[in-house]
Amino acid sequence: MNTLTARPAADLDELVTAVRGAVARNAGWRETAAHVGDALRDHLPSPGLLPADLLDGERGTSRSHLLHVEPDGSFSMVAIAWRPGALTRVHDHVTWCVFGVLTGVEHEDLYTLSDDGTALIEAGHNPNTTGEVSAFAPPGDIHRIRNIGDETAVSLHIYGTDLSRIGSSARRFYDLPVQS
């Protein structure tokens, strides 16, 4: 994960303040994710949050850029540039997560775990378009993200932990067969 050294867009400051307020409500994870989702909807940064040179990359790759870590470790913000063909592994998270699409389309495939834990069951597909925000929390947050379009997609992710300390928001990766 790259850390931006240049000051991010000015509208990020308002978002940080709004997320601080949402997290300070000390609600459970699902409620916090919903409050942070509302803050992101109200203060979604402009598509130009990442400079053009940070959008580069090979087809099928994504690049994460750490934008903010709250001093008390209660949340982190990451911008991700998804090149055409980029795809995450199926995963869940260590904490609540909220993301908003700044430009492009981020396709999200949702799954549940079978009762015996030996397979994934398809639970839906969301084509998250520019301006859309998604919020969720474990358990029940198994998904993957992919860019099936021809343009780079950019999204802003907010996680309920200090990613500079733990390195990744993923708790588990699922390499299981998928049932429809």
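A: His91 lies in strand 4 (residues 91-93), where helices (H or I, at least four residues) and strands (E, at least two) are DSSP runs numbered from the N terminus. The model is predicted: local features need pLDDT of at least 70, side-chain atom pairs count only at pLDDT 80 or more, and totals for chains, interfaces and linings use all residues. Residues are numbered from 1 along each chain as its sequence is written, and side-chain values use heavy atoms, with hydrogens and water left out.

With a relative accessible area of 8%, His91 is buried; buried means under 20% relative accessible area, exposed over 50% and partly exposed in between (1.4 Å probe, protein chains only). The side chains of His91 and His93 are joined by a polar contact of 3.3 Å, that is, a pair of N or O atoms within 3.5 Å; within protein, one must be able to donate a hydrogen and the other to accept it, and residues adjacent in sequence count only if both atoms are side-chain atoms. Beyond its neighbours within four places in sequence, His91 is in contact (heavy atoms within 4.5 Å) with Asp141, Ile142, His143, Arg144, Ala170, Arg172, Phe173 and Tyr174.

Elsewhere, helix 2 has the buried residues Thr32, Ala33, His35, Val36, Gly37, Ala39 and Leu40. These buried residues pack against helix 1 (11-23), strand 5 (97-103), strand 8 (133-136) and strand 10 (153-159). Val36 and Leu40 are also among the contacts of Ile158, which include Val19, Met77 and Trp96, leaving aside neighbours of Ile158 within four places in sequence.
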